[in-house]
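Please look at the ligand site and the charged pairs in this model. A short report comes after the view.

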Amino acid sequence: MSTTAKLILQDQTYDIPVVEGSEGEKGLDISRLRAQTGYITLDPSYGNTGSCLSGITYIDGDAGILRYRGIDIGELCEHSTFMEVSYLLIYGHLPTEAEYARFKERVHHHSLIHEDMKSFFTSYPGHAHPMAILSAMVCSLSVYHPQLLEPEQTQSQRDQAITRLLSKVRVLAAFAYKRSVGEAFVYTRPELDYLSNFMHMMFTTPMREYVPDETIRKALDVLFILHADHEQNCSTSTVRMVGSSKANLFASLSAGICALWGPLHGGANQAVIEMLQTIHADGGGNYKKYIEKAKDKSDPFLLMGFGHRVYKNYDPRAAIIKKYCDKVLEHLGIHDPILEIAKGLEEAALTDPYFIERKLYPNVDFYSGIIYRALKIPTNMFTVMFALGRLPGWIAHWKEMVEDPGMKIARPRQIYTGERSNNYVPIGIRP
Ligand code: ACO
């Protein structure tokens, strides 16, 4: 196959190099286009734009494939753990036993935050959204680690920032929750794993010790593995964009958390449950009404948890999580009418021509909220859970980018459509 494409502009022909990825994906390398032709490309929302070369995650949205570092997501969910997957994403290979032990030990070692930070939480009103607190706290954490903020870092400094953030963000998230319910902060315990410790910090009180059992731990572990990375999505691209100015990892992750908050991205898991609750309050069984609303272009209502920019087939993560959702509800003996509504809505949408023609399938967020609800995690913490899961992916992308010797600040261009050159008219004589 030819390694160049021909571009004809005003009778001039230009050679555009073709780049090919390891899975046969092809792209046109237009990095010299403006210099050669004076033209730029226009692709609002970047649906056809590759912003980088990356070796972390592969998605084939048409075939419903998701792999981290070449390993299929189903295999990882079955055999691995969130901690091991974090290592895989960040460092590029499965750890040896010694590497894994050292990594877990380092992450555990950094699970305290500066005691002064506790007072920050109490300054927020009780109703503050935990995503607001989380993004602010991740940025605030940087002030306690001035040695890790240098734009030029050694590998060791980068590793220190990575392990501190991996460990402390879950502490900040649990403390944000404790603040919202007015309970005392709880610290990690050395014998518990990463996620059990998070649940322990969330739900242990002076009256009751909480450690999740194996079914719950495994379901959460799988959910977090499924969320761990998804290549150049909105929040990961934000982390890369901010990091490309050589902003430190704390600032870059804080920005990623803000990007995730939106209801079209990570905020969808909260929006799904709110939508299902609305349908429940409206009698429960009237799926058709909501399907019709979603199809009506004059109605802003969308079927939350449906559709995806890259999956034009069943989201492979949704298929896995649906199974664990059933397991958790059965294990806890919960009959959740919201789940029945979710199943009914899914069935109605999947047989409706509007959804079939547009290839709109349930995404991972359609079922994740039902598991969180069963675990008594409040709705406004759902997106925080997503952020914790996505953390290793954000870190892996930041690391890949800053370690690339060819890294440049990201700076898209635009096609200007405003007023042409104009004169200033003093206010007294303006018409
Ligand atoms: N309900 C109803 N119609 C929809 C939905 C939906 N959830 N999603 C897309 N459509 C329609 C669009 O209106 C459009 O219709 P048209 O061709 O008649 O104009 C068509 O399907 C194509 O949709 P786009 O908006 O072009 O798809 P895009 O790739 O831009 O958006 C997105 C993807 C943002 C996820 C969208 O499907 C959506 O808003 N879904 C609901 C929110 C959601 O669940 N977000 C979570 C995404 S997963 C994640 O972030 C982890």
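Predicted model: local features only at pLDDT ≥ 70, side-chain atom pairs only at ≥ 80, totals over all residues.

Residues are numbered from 1 along each chain as its sequence is written, and side-chain values use heavy atoms, without hydrogens and water.

**Ligand site**

Around the ligand are 20 residues, each with a heavy atom within 4 Å of it. Lys297, Leu303, Gly305, Arg309 and Tyr354 come nearest. A backbone N or O atom of Leu303 lies 2.8 Å from a ligand nitrogen. A polar backbone atom of Phe306 is 2.9 Å from a nitrogen atom of the ligand. For Tyr354, a side-chain N or O atom is 2.9 Å from a ligand nitrogen. The protein covers 73% of the 910 Å² of accessible area that the ligand has on its own (Shrake-Rupley method, 1.4 Å probe).

**Salt bridges**

The structure holds 21 salt bridges (a side-chain nitrogen of Lys or Arg within 4 Å of a carboxyl oxygen of Asp or Glu).

| Pair | N to O distance |
|---|---|
| Lys288 and Glu292 | 3.4 Å |
| Lys293 and Asp299 | 3.0 Å |
| Lys399 and Glu403 | 3.4 Å |

Lys288 and Glu292 both lie in helix α13 (residues 287–295), 4 residues apart. Lys288, Glu292, Lys295 and Asp352 are linked in a salt-bridge network. Lys288 counts as exposed because its relative accessibility is 59%, while Lys399, at 9%, counts as buried (buried is under 20% relative accessible area, exposed over 50%, partly exposed in between; 1.4 Å probe, protein chains only). Glu403, at 32%, is partly exposed.

Definitions and conventions:
Polar contact = N/O pair within 3.5 Å; in protein donor to acceptor, adjacent residues only side chain to side chain. Helix = DSSP H or I, 4+ residues; strand = E, 2+ residues; numbered from the N terminus.
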